[in-house]
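Please look over the sequence and the structure shown here before reading the report, and keep both at hand while following the text.

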Amino acid sequence: MMRSGVLRLILVRLAVAVPLLLVISFGVFSLVHMAPGDPVRALLGTRPSDPETLAALRERYHLDDPLVVQYGKWLGQVLQGDLGRSINGNRLVLSSIKERAGVTIYLLLVSTAIVLAAGIALGMLAAFRRGGRLDRFVVMFGVFGISSPAFVTGIFLLYVFGVVLGWFPTFGAGRGFLDRFWHLTLPSLALALSIMAIVVKITRASMIEVMDRDYVAFARARGVSTTRITLSYILRNALIPVVTAGGIIVIGFLANAIYVEVTFALPGLGSLIVDSVQRRDIPLIQGTTLVLACFVVLVNLLVDVIYTLIDPRIRFSRVES
Amino acid sequence: MSLHIESAKPEAGTPRARISLGIALAFIVIAIVVFCALFGASIAPDSPFTQRLEVGDAPPSGQFLAGTDLLGRDVFSRVIYGAWTALVGPLVVAVGAWVIATVLGLLSGYLGGMVDSATMRWVDFMLALPAPLIAIVVVGVVGGGYWTAVLVLIILFTAPDTRIVRSAVLEQRPRPYIDAARALGISKTRILFVHILPNVLPIVLAYVVLDFAFALVNLAGLSFLGLGVEPGTPDWGRMLFENRTILFTNPVALLLPAFMIILTAVSMNLIGDWLFERLTR
């Protein structure tokens, strides 16, 4: 009974995600037509415009077909893993993406770990010391964190730790595991700081709310240990709003990762998309945007499923209805 | 950057002791920035466009308080002039998004039914999109720089704002004064814009200020990627883009505009939070 409820919820989420992905893919497809001027010119870039190249481009992008047919054919190619070739350098878009994905994934994993560990811990501490000095500091940190984008934080970190102290390199991603870790420390920190404010804020607010609940007072009166109350009574319930905010947090991570990669000159997917946008390399823009957007939708789907699994109220209420 | 105002909403138990001093400082900062935007030409020590290639990127000195950039332009004057694009775009984004969101939210919240569900589906859809990524790609591909960016941000901001107005309207709808107005036979339009709107406006005003801060950071971000203002424009985000290479020779050319972005955004966020607390209780 319960399992089928969860399964149904996952199916419902999927039913929302698939049309969303279709709309996104249509948006990505239409980028060719959104570029000012003739689509062929946009796809040609700086290459010489001899009739053969133009004809080949029209053929490759089915530009002589009606728009819907163009989209259908394009989507068919994309689903087979064919994202076309970049205008600059004529490389397979898919292999450029594969080459760059490693740095971005590493960056996202390290900063997610920092955000989850430090963000939740700070939020908890602030809630326990409500009104105190630490709490005031944390609240101020929240305002600064929300106001300072990752590229600004990144520049300050670069200056202090890269230029003044000289502890960390100021650009590049490094080779090998340790070197990479050393190169990606500041970028991960910049990314983590920009997201942490939100997690700290939500954790703090929901901790404060949960701490005042009757069941916590009851557990205290029964003499349950403080550690147990904190971890399995307060924290578990207080984290639900953090998971609910998972969507904006995931989008925030991705957006800030783009800025961090540009700030620290890292060869990741974020800097790939910015490079391709600056060079107006439409196929490369399309491929990278599609991959990143799909990533966001899929991670959001995952967050929704986790949310369903950790909050029994949702599970049961849906099953009853 | 994509973390929208919903999460910037002030929560219960925020310590208030320091807020008043902070608020005073925030207002002073905004006053100075507005002054620079309006009268930048008369207070800047130098033209922001004069190039001195023989000077190059020099560190701060008596003549150039914040040093010069690669083209030998006075960084301090460029930061003062940069106040203009830091205020105008975000203002247009915040006000534009809220005007649209208020109309949509009023209609959706009060009329309900098909209008409401259609609007809410659209909002859900927009919120599921990675907005900052879309802004970068669309502004980059369509071109047009700053004003394209402003337009794209208005569209992206409208969705979450609509949801906020709608829930504020839903709170007003069951109140007796609405029933009274309806019983008197007052038209729907009049109820919406004369009776409900004034009660929703305080919340809108607080969020306009919070949206302003958010738009400032987003526009600066696009300029930092080279997609916002035209090359050469004195703009804080653009300065970060142009001066990235001189972090070692004249770090002030990066740190000063970066500091101004944070300072202005923090001030607006503090004022927004403060307005929110004052106007909504």
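## Chain A as a whole

The structure discussed here is a predicted model, and every value in this report was computed from it. In chain A the secondary structure consists of 15 helices and zero strands, and the C-alpha trace of this chain spans about 85 × 60 × 35 Å along its principal axes.

Chain A has 321 residues, of which 50% count as buried.

## The largest nonpolar core

The largest nonpolar core contains 178 residues, and those with the most contacts inside it are Ile196(B) and Leu240(B). Helix H8 of chain B, which covers residues 188-224, gives the most to this core, contributing 21 residues. Chain A also takes part, since the core draws at least three residues from each of domain 1 (13-79) and domain 2 (99-315) of that chain.

The surroundings of Leu240(B) can be described in detail if its neighbours within four places in sequence are left aside. Leu240(B) is then in contact with Phe151(A), Val152(A) and Ile155(A) from chain A, and with Phe224(B), Leu254(B), Pro257(B), Ala258(B) and Ile261(B) from chain B.

## Helix H3 of chain B

Helix H3 of chain B runs over residues 75-111 and has 37 residues. From its first C-alpha to its last it reaches 53 Å, which is close to the 54 Å expected at 1.5 Å a residue.

## Aromatic rings

A pair of aromatic rings is described by two values, the distance of the centres and the angle of the planes. Over all chains the count comes to 14 aromatic pairs. In one of them, Phe27(B) and Trp274(B) are arranged edge-to-face, with 5.6 Å from centre to centre and 85° between the planes. Phe27(B) lies in helix H2 (residues 19-43) of chain B and Trp274(B) in helix H10 (residues 252-279) of chain B, so this pair ties together parts that are 247 residues apart in sequence. Phe27(B) counts as partly exposed, at 39% relative accessibility, and Trp274(B) is partly exposed as well, with a relative accessible area of 25%.

In chain A, ring pairs link Phe26(A), Phe29(A), Tyr71(A) and Trp74(A) into a cluster.

Terms used:
Residues numbered from 1 in each chain as written. Chains lettered and ligands numbered in written order. Predicted model: local features only at pLDDT ≥ 70, side-chain atom pairs only at ≥ 80, totals over all residues. Heavy atoms only, no water. Core = buried A, V, L, I, M, F, W, Y, C linked by side-chain atoms within 4.5 Å. Buried < 20%, exposed > 50% of the residue type's maximum accessible area, 1.4 Å probe, protein only. Helix = DSSP H or I, 4+ residues; strand = E, 2+ residues; numbered from the N terminus. Domains from an automatic or database assignment. Contact = heavy atoms within 4.5 Å. Expected span 1.5 Å × (residues − 1). Phe/Tyr/Trp six-rings, centres within 6.5 Å; stacked < 30°, edge-to-face > 60°.
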